[in-house]
Amino acid sequence: QVQLVESGGGSVQAGGSLRLSCAASGRISNIYAMGWFRQAPGKEREFLAGLTWTGGRTKHADSVKGRFTISTIDINNTLYLQMDSLKPEDTAVYYCAGNRQWGSIPITDSAYEYWGQGTQVTVSS
């Protein structure tokens, strides 16, 4: 089993930055790719960015490309999402997720088996 715990959410003014963290523990060797998603009230869960846990390939959604950056530090099994130039429409609950299937970085939430509890990000204008 894999446990994922997000942190780093909070309230920020438009134009500000936040860095989210996701600490992974348990059977880390099961994970091929990790991803960040968000869900705003009344909306579907949205893929933001993903990477391969050991290979370093990354993928960013067009909606956040240039503003959000996914990264990881293998030594402490932590996934990060650096978010810059935040906008009020970035307000949502942000989740990290883990995928076991080798070969791709999925962009659909149904492809991910492991999920954190989520962390709230609120951007005020």
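**Close-up 1. An aromatic cluster formed by F37, F47, Y95, Y112 and W115.** In this predicted model, the five residues F37, F47, Y95, Y112 and W115 belong to one aromatic cluster. F37 counts as buried because its relative accessibility is 0%, whereas W115, with a relative accessible area of 26%, is partly exposed.

**Close-up 2. The charged end of R45 over the rings of Y95 and W115.** The charged end of R45 sits over the ring of Y95, at 4.5 Å from the centre of that ring. The charged end of R45 also sits over the ring of W115, and here the distance to the ring centre is 4.3 Å. Both Y95 and W115 are members of the aromatic cluster shown in the previous view.

**Close-up 3. The aromatic pair of Y32 and W102.** The structure holds 6 aromatic pairs, and one of them is formed by Y32 and W102, whose rings are 4.7 Å apart from centre to centre, with 45° between the planes, an arrangement that is called tilted. Y32 is found in the loop between strand 3 and strand 4, while W102 is found in the loop between strand 9 and strand 10, so the pair ties together parts that are 70 residues apart in sequence. Y32 is buried, because its relative accessibility is 11% and the limit for buried is under 20%. W102, in contrast, is exposed, because its relative accessible area of 60% is over the 50% limit.

Close-up 4. When neighbours within four places in sequence are left aside, S21 is in contact with V5, E6 and S7, with W36, and with T78, L79 and Y80.

**Close-up 5. S85 in the loop between strand 8 and strand 9.** The phi angle of S85 is near 50°, which is a positive value in a residue other than glycine. S85 is located in the loop that lies between strand 8 (78-83) and strand 9, and it is partly exposed, with a relative accessible area of 41%.

Methods. Residues numbered from 1 in each chain as written. Predicted model: local features only at pLDDT ≥ 70, side-chain atom pairs only at ≥ 80, totals over all residues. Heavy atoms only, no water. Contact = heavy atoms within 4.5 Å. Phe/Tyr/Trp six-rings, centres within 6.5 Å; stacked < 30°, edge-to-face > 60°. Helix = DSSP H or I, 4+ residues; strand = E, 2+ residues; numbered from the N terminus. Buried < 20%, exposed > 50% of the residue type's maximum accessible area, 1.4 Å probe, protein only. Lys NZ or Arg CZ within 6 Å of the ring centre and 35° of its normal.
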